[in-house]
Amino acid sequence: MNVEKEMDGVEVKKSCCFFCHQNCGVLAYVKDDKVLRIEGDPDHPTNSGGLCCRGNIALLHLDHPARVNYPLKRKGARGAGEWERITWDHALTEIATRLGNIKEHYGAEAVATAGGTLRTDDWARRRFMNLFGSPNGFHNSHLCWVPTFLIETAISGWCPFETDLGGGSRCLVQWGHNPGASGMPEMRGITELKRQGMKLIVIDPKFTETAAKADLWLPLRPGSDAALALAWLHVIIYEGLYDQQFVENWTVGFDRLTQHVAQYTPEWAATLTWLDPELIRQGARMYAQNKPGNIQWGVALDQSGKSAGAGIHARALLRALTGNLDAPGSDLMTGPSKDFITDEEIEANDWLPEEQRAKQIGSDRFKLTTWPGYKEIADLTREVWGKAPTAEWMCEAHPPSVFRAILTEKPYPVKALLVSATNPVNSYGNAKEVLEALRKVDFLVTCEYWLTPTAMLSDYVLPIGGALERPVITSTYGCSDTIIGSQRAIQPMYERKLDYDFWRGLGLKLGQGDMWPWETVEEAYYYRIYNLGYGVSSFDEFVETQRFHFPEREYYRYGQIGFATPSRKVELYSTTLEKLGYPPMPTYISPAENEVDDPELAQEYPLVLTTAGGFMPYHHSEHFQIKELRFLRHEPYFDINPVTAAEYGIKDGDWAWVETRRGRIRQKANVTEAIAPRVVMTQRGWWYPERDATEPELSRCLESNANVLTATDDAFCDPQGGSWANRGLLCKVYKAQNGQGKADN
Amino acid sequence: MARYAMVIDTRRCIGCHSCTVACRTHNHLPVEMIYNPVMTIGPTGKFPSLHLSHLPLLCMHCANPPCVDGCPTRASQQREDGVVFIDQNKCISCKTCIMSCPYGARKANHETGTVQKCDFCRDRLAEEKLPHCVATCHQKARIFGDLDDPTSEVYKLVNTEKVTRIHEELGTEAHVFYIVS
Amino acid sequence: MKCHEDTWGWMLAADFFLAGMGAAALAIAAIADIFGAPAVPLAVRVAAPVLIAMGASLLVLELGKPFQGWRVFLNPKAILTFGAWNMTLAIVLGALKAACYFRQIGAVVPLLNSTGLQNTVSVLLLVVGLIVSSYPGVLLARLVARPLWTGPGMVVLFLLSSLITGIALIQLTVAFSVSSPTLNLRWVLLGMVAVQAILWPLYLFVKRTGTTKREADAACTWIRGSVAPAFWLGVFGAGSLLPVAVQIVAPQCSAVAALLCLIGGATLRYLVVLSGKERTWIAGEQQYFARLPNGDEAFLKAWTKR
């Protein structure tokens with residue numbers, strides 16, 4: 001209809017989408033510093049020209065009327081929405097002064113930072129925090145990959161997250177992951193390989209888009225993954241399906257593990273997972289007998305709360321038992337890159353003194369994902385790989401504990417929260433508690449695209465540029481050896497800057513000048529890729545001429561260097577975890593709230609809740625303001641089985657309340673056979689940016705927010721990593737009466 | 001002369017709606033206008049024996065289009081290559097074509113006072129580019145090309161796979177074919 | 001802002017009713033004139049072209065670009081073009097014929113007094129009148145996308161409805177007319193209404209049992225679904241059976257009977273056009289569209305471009 005004709009003076013920039021971790025390549029057509037149009041980059045290895053819902057609306061996002069474009073300083077009451085426009089320089093000066101004061105009176109540890117997922121140069125944030133002296137940076141790491149990474153690294157020396165499907169995989173297990181609704185390029189890979197005969201096993205309470213293409217679907221009770229994984233271990237060992245050679249030569253602790261899992265029979269697991277024992281066996285056999293095979297990581301286990309570590313641990317051992325580690329077509333431990341400067345190397349972790357590290361909130365209880373565990377594991381990886389995983393993400397304060405420190409001043413007061421690329425009330429567990437903390441914290445600064453509820457409550461809001469306005473390095477935080485670069489299409493619009501500029505700016509004001517020699521992100525990135533040896537003179541040149549660095553795949557590297565564990569073998573009996581005070585072998589822990597341990601609770605809350613995964617066209621809490629996307633799915637829906645719906649008199653499309661001990665939310669009923677009768681699955685991320693953004697409405701951020709339901713008290717958290725419980729909770733459902741509007745904000 | 005056609009492989013389609021969004025965004029459609037909705041069929045069956053599929057719809061660019069001859073202003077036209085389009089200068093939105101289309105492909109635009117629909121992105125075809133919905137699909141579930149060209153992907157698929165058309169019984173001779181599992 | 005599929009609405013139904021009634025009246029008047037029967041009242045002759053013009057105006061108003069309505073005359077292959085030409089002719093010729101009966105006009109335009117002209121016009125009016133009475137039925141019958149409409153039946157039913165309402169218009173005018181002799185089509189009207197009362201249930205029965213599933217579903221909506229009360233009570237009852245009963249029981253109340261027929265006819269047209277919302281739905285469509293916004297949601301208006 002109206003494709004812009006290319007004119008003279010149009011440059012093509014190799015940018016990226018940046019709206020999710022797949023980070024597809026985007027070609028931006030730019031003239032006079034204006035992006036005329038975008039399209040998927042056909043030469044980009046991730047997406048080959050494809051773009052999902054989110055990538056396609058890049059230009060609608062870029063200059064959306066609701067974007068924050070100027071630094072704002074609060075005048076008037078918190079959340080009143082009265083702002084004064086100030087310059088970046090003034091903002092940074094004032095913020096730095098305030099942080100300096102807080103450091104003086106309460107210690108650097110009284111300053112915490114909250115992050116989101118992707119969209120930021122997290123190494124820069126960590127660099128600032130280390131130099132400032134605070135150990136209390138955090139993301140949603142506990143919910144996303146980090147416990148998995150650390151446990152798997154503890155066991156086999158590096159997390160084997162590189163699924164080498166293209167190397168001839170015969171079986172892929174999607175464990176709590178639905179690429180069909182969240183990771184399009186990934187799904188494409190699966191589709192192609194299925195056509196070549198690869199088996200697909202999907203473990204998911206819901207019959208998702210991915211489950212619909214599976215050879216085997218295991219609809220387990222949400223939160224019962226630990227039981228399933230332990231039963232699989234049992235089957236693989238006791239039916240002799242393990243790789244004898246690999247186990248003999250490259251693992252320690254097999255005999256102890258064998259004895260340990262004797263009790264975890266499929267029959268035992270059946271009552272806990274609600275799966276037929278034969279189905280459990282079928283799954284284990286399919287994985288073990290179709291080699292090479294892969295277990296794709298998904299967030300479900302990380303989000304299980306108190307049973308997260310146990311489940312992750314059990315799942316991790318499956319690869320070792322079947323020899324699916326570092327073999328062609330299986331799960332590879334690429335290790336950190338030898339060639340480019342990883343995140344960890346540029347985080348200035350050495351600058352954080354021991355006594356400050358010891359103050360990291362949560363490190364007294366949840367050792368795995370804080371300094372004690374991270375240090376133990378990082379030292380080991382340094383011995384074998386020469387480098388450590390990124391500390392940003394892998395070594396962080398425990399978010400619920402930080403929010404509680406704001407509220408209770410225990411273990412000590414936290415007086416400032418710097419928020420970047422997240423809306424914590426939406427994305428962190430126990431939303432009501434988070435909101436309380438955001439309202440109470442003395443000093444709140446937010447770097448954002450939008451005036452989210454968190455931004456609304458802030459003392460300063462800094463406007464940040466998005467994908468087309470910034471360069472990007474895609475490298476899995478330096479935990480893999482590949483790197484893809486993308487360049488910015490235009491300079492940030494209006495007075496937006498990048499999060500890097502924020503951290504560096506603050507650093508300069510606080511006397512960290514020497515440690516920030518790179519004036520722009522491109523300079524910092526150039527520094528990082530310099531050693532790749534492509535002879536380029538700038539990061540842009542790297543993107544324009546090379547774009548990516550994919551080293552030759554090496555297999556069986558452990559043959560040369562061993563596994564980065566104390567024994568240099570895969571530790572089926574993990575001495576590292578034991579040293580940290582955790583079970584050295586995966587030991588069953590029941591879901592955070594369950595009907596077996598707490599039948600009284602189950603009387604009042606008879607249904608099992610999972611607060612579910614991503615769905616198009618959104619990403620977490622993003623894009624609800626893009627009306628072109630919102631049009632396709634404008635209201636929240638939760639899934640409920642027809643039998644259960646009938647029991648509660650709920651019809652398809654009815655508004656209903658879903659309630660747990662923590663609170664209740666309102667979503668519409670999607671009556672579907674896709675889940676079991678006793679399971680309810682809410683959508684996450686919902687807020688209403690079209691509503692009044694000021695207090696007390698705050699864009700109705702609690703009304704349909706699944707995190708109102710989730711549980712973050714210590715009792716619900718995984719003792720190893722601190723993951724709080726988003727899945728496998730107990731809830732009840734009832735129809736909303738007419739006129740029942742908002743939940744309590 | 002080419003005869004454009006599309007094959008949609010529903011075995012690959014996962015109902016992500018990216019094609020819907022790409023089309024409406026890059027064609028600058030009014031927010032309520034959708035040229036190519038993607039239907040979700042199911043899950044059918046009873047838990048846990050279920051089946052789920054998706055059905056992207058669009059203008060079928062029929063060989064026997066019910067919408068063209070009925071247009072009183074001659075705004076609705078079909079090119080030799082099969083593309084059915086609407087001349088926006090001639091259309092006065094009498095909606096006869098909307099009433100004629102068994103696929104619901106045509107949409108009234110209340111701002112312009114005309115009717116609009118998918119035209120296989122004919123501007124892009126002129127530049128030898130694929131329609132937006134085809135280019136954007138990660139799953140490569142949409143295959144587009146010249147049905148008269150024996151070397152084209154669409155030709156091969158239509159002649160080797162089991163393809164079906166929607167509303168075959170109405171005799172529209174749709175030129176969008178579906179591969180169903 | 002509308003967010004669901006656009007279909008024809010009440011304006012089209014009103015046009016079918018008004019134009020059908022007016023055109024049928026012209027045709028009947030023409031028959032009476034040609035065969036030397038008692039003439040229709042002058043009021044009918046004047047009203048008929050006006051009614052058709054009112055219908056045409058509604059058609060133009062329904063357009064997205066009313067000021068470009070002239071474009072509908074341009075495609076000889078299209079039924080709508082055919083209909084537009086014939087409606088125009090019916091209005092012009094009908095007005096011309098009516099003008100012949102005004103001595104004042106006849107004095108100024110002597111041509112109008114020529115019997116030759118008047119006879120020609122009558123014949124033309126018969127043809128054009130019948131065409132305008134029935135072409136909408138053809139239009140609807142050919143739309144394979146609309147399950148209730150598709151198939152030959154609608155041609156007959158629409159022509160019948162036009163004739164009924166045209167005759168009813170004449171009867172109503174006759175009842176209040178003082179001049180004589182008057183054309184009395186009382187029994188013709190009742191006969192046709194009785195036929196209508198038989199044909200419609202039969203049409204629905206055939207749709208329900210002898211065609212495709214979608215057509216059967218559409219018919220079911222009329223037989224015992226959402227349309228049923230309005231159809232059975234309004235069209236079948238009040239619009240068909242009741243006029244017959246009234247005419248038999250109280251023969252002097254022919255005006256009432258005629259009025260009932262008109263109400264029935266208008267209701268019928270409206271229900272038929274409304275049924276056009278039902279399309280040959282494809283699997284999953286209705287659920288998809290049901291979940292889309294209505295158009296009044298806050299998010300659609302919250303952010304306007306700078």
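A salt bridge, as I use it, is a side-chain nitrogen of Lys or Arg within 4 Å of a carboxyl oxygen of Asp or Glu. By that rule, chain C and chain B share two salt bridges. K77(C) pairs with D69(B) in a salt bridge, with the closest N and O atoms 3.8 Å apart.

Some ground rules. This is a predicted model: local features need pLDDT of at least 70, side-chain atom pairs count only at pLDDT 80 or more, and totals for chains, interfaces and linings use all residues. Residues are numbered from 1 along each chain as its sequence is written, chains are lettered from A and ligands numbered from 1 in the order written, and side-chain values use heavy atoms, with hydrogens and water left out.

Back to chains C and B. Contact means heavy atoms within 4.5 Å. Chain C brings 41 residues to it and chain B brings 45. Buried area is the accessible area (1.4 Å probe) that two parts lose on being put together, summed over both. Here that is about 3300 Å², with 63% from carbon and sulfur atoms. K65(C), I282(C) and Y288(C) supply 18% of what chain C buries against chain B, more than any other three residues.

Now chains A and B. In this pair, 49 residues of chain A touch 43 of chain B. They bury about 3700 Å² between them, 57% of it on carbon and sulfur atoms. The salt-bridge count is two. E673(A) bridges to K46(B), again with the closest N and O atoms 3.8 Å apart.

Take one residue of chain A. E628(A) sits in helix α28, residues 627-630. Helices are DSSP runs (H or I, at least four residues), numbered from the N terminus. Is E628(A) buried or exposed? Buried, because its relative accessibility is 17% and the cut-off for buried is under 20% (exposed is over 50%, partly exposed in between; 1.4 Å probe, protein chains only). Leaving aside neighbours within four places in sequence, E628(A) contacts L60(A), R24(B) and V31(B).

Last, the patch. I31(C), I34(C), F35(C), V123(C) and V127(C) make a nonpolar surface patch of about 450 Å². Patch residues have over 30% relative accessible area and no salt bridge; nonpolar side chains (Val, Leu, Ile, Met, Phe, Trp, Tyr) are joined within 5 Å, like charges within 9 Å. Areas come from the Shrake-Rupley method with a 1.4 Å probe; for residues, only the protein chains shown count as cover. Helices α1 (10-34) and α5 (115-141) of chain C each supply at least two of the patch residues. I31(C) lies in α1 and is partly exposed, at 38%.
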